[in-house]
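Here are my notes for a colleague who is meeting this structure for the first time. Please read them with the sequence and the model side by side.

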Amino acid sequence: MASVSDLAASDFVESAAAGSPALATARRLVVKIGSALLVDEKSGRIRQDWLAALAEDVAALRARGVEVVLVSSGAISVGRRHLGLTGRALALEEKQAAAATGQIKLAHAYQEALARHDITVAQVLVTLEDTEARRRHLNARATIDALLRLGAVPVINENDTVATAEIRFGDNDRLAARVAQMISADTLVLLSDIDGLYTADPRRASDAAHIPVVTEVTPEIEAMGGAAATGYSSGGMVTKLAAGKIAIGAGCRMAIAHGHAAHPLRRLEEGGRCTWFLPSAGPRTARKRWIGGHLNTTGSVTVDAGAARALAQGKSLLPAGVIAVEGDFQRGDPIAVLDMDGRVIGRGLSAYNAGDARRIMGHKSREIEAVLGYRGRDEIIHRDDLVLA
């Protein structure tokens, strides 16, 4: 059966009956909205009443300080109707054309729904490659962080007009998990047409049992996934389990919840049935495990004794404390941090390329703009991107 701790699972399920503890404590939440929820399959129109109710849920979460990011499907489903591409399978270029048309409709619908709550919407188009290529990953993360800091709600979708592989084989479940991983979200909710994971497809097996908590996506759990649903949506339980594996690895808890009724997030928070995927570590811990254990360094910086002490106290590495730079690395590359005796005391992701790091080493952060001609980060390695040996 599911890989869960019996005591932890029972405690979690019992507390969830009075409301979702995970959603109640969320601080940075990613919500994936399936095409079948947002778009009426017969008419190809956006379900405006449903979207308005979702916007109310988002506004309520933001009112108590939760940062919300939406990953929305539906562009192809909406666009194909306007181009007369209904009732048949689409060629790849037709899907891309439908996405280009539908994305405009989709963005406008979100803008109107959230504007009623004085919430600014920002459209962000990405591909899975954007979340996996390190420099593009950093740029996308910085943009989303800035939007959240400025009070906007990013609405993210795949850039289907160029992401050929993702249209053929990809899905927004996996993209949402990658986004959650990228921005260190603590909670991911996949709103779907099913209320969680079952031991078998409940549409075909009357004895299928609902699984409330999963702590590891084992081969046995993966075997419970089925094929994609029929209609205009893509994915299925297989892709949701893939998303769960990504989320757990990133230290992000994830829920698969039924979203077709109005106010899906409120229903989930009030104890609506779902499957929670629970990690053993938080987002920052998981990120630092990744930095410390899975990257080969491409260069190094040597720091003075004062900087080494500051790093040991949890501070970022400032250029003033750097006395040498070795290697040929780029912004976002992993580099080693050495003390004055040449010992590795940590590793992290550099905010500057090697050339610029050499130019600003030994300088105060306020001098960076004068030295480089542009205002970059105050630190060479931010403490969130640093792991001490």
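1. How many bridges join strand β11 (residues 299-303) to β12, and in which sense do the two strands run? In this model, which is predicted, the two strands run antiparallel and are joined by five bridges.

2. β11 pairs with β13 in the parallel sense over three bridges, and Val301 has Val337 of β13 as its bridge partner. On the other hand, β13 and strand β14 (residues 344-349) pair in the antiparallel sense over five bridges, with Arg347 in β14 as the bridge partner of Ala336. β13 and β14 form a hairpin with five residues between them, and Gly342 in the turn has a positive phi of about 85 degrees.

3. Is strand β13 (residues 334-338) mostly covered or mostly uncovered? The strand is mostly covered, since five of its five residues are buried. In a regular strand the side chains alternate between the two faces of the sheet. For β13 both faces are covered: Pro334, Ala336 and Leu338 are buried on one side, and Ile335 and Val337 are buried on the other.

4. Asp385 deserves a separate look. The residue is found in the loop between α17 (368-372) and β15 (386-388), and Asp385 counts as buried because its relative accessibility is 7%, where buried means under 20%. Leaving aside residues up to four places away in sequence, Asp385 touches Arg141, Arg287, Ile291, Arg347, Gly348 and Leu349.

5. Turning to the helices, the axes of α5 (residues 75-82) and α6 (residues 92-115) come within 6 Å and cross at roughly 100 degrees. That angle makes α5 roughly perpendicular to α6, because angles of 65 to 115 degrees count as such. On the α5 side the contact is made by Ala75, Ile76, Val78, Gly79, Arg80 and His82, and on the α6 side by Lys95, Ala98, Ala99, Thr101, Gly102, Gln103, Lys105 and Leu106. The residues of this contact divide into six nonpolar, five polar and three charged.

6. Helix α5 is itself mostly covered, with six of its eight residues buried; these are Ala75, Ile76, Ser77, Val78, Gly79 and Arg80. The buried residues of α5 pack against α3 (35-38) and β4 (153-158) as well as α6. After the helix comes Gly84, whose phi is positive, near 70 degrees.

7. Finally, a point on confidence. The mean pLDDT of the chain is 86, and 88% of its residues reach 70 or more. Among the elements of the chain, strand β12 (residues 322-327) has the highest mean pLDDT (98) and helix α1 (residues 6-16) the lowest (44). The value stays under 50 over residues 1-18, for which the model has 30 contacts beyond four places in sequence, and it also stays under 50 over residues 228-234, for which the model has 15 such contacts. Where pLDDT is low, the predicted coordinates should not be read in detail.

Conventions:
Residues are numbered from 1 along each chain as its sequence is written. This is a predicted model: local features need pLDDT of at least 70, side-chain atom pairs count only at pLDDT 80 or more; totals for chains, interfaces and linings use all residues. Side-chain values use heavy atoms; hydrogens and water are left out. Helices (H or I, at least four residues) and strands (E, at least two) are DSSP runs, numbered from the N terminus. Buried means under 20% relative accessible area, exposed over 50%, partly exposed in between (1.4 Å probe, protein chains only). Contact means heavy atoms within 4.5 Å. Axes are lines fitted to C-alpha atoms, for helices over the stretch in contact, and angles run from 0 to 180 degrees between N-to-C directions. Angles under 35 degrees count as roughly parallel, over 145 as roughly antiparallel, 65 to 115 as roughly perpendicular and the rest as oblique. Ala, Val, Leu, Ile, Met, Phe, Trp, Tyr, Cys and Pro count as nonpolar, Asp, Glu, Lys and Arg as charged, and the others, Gly among them, as polar. pLDDT is the predictor's confidence in each residue, from 0 to 100. Two strands pair if DSSP finds at least two bridges between them.
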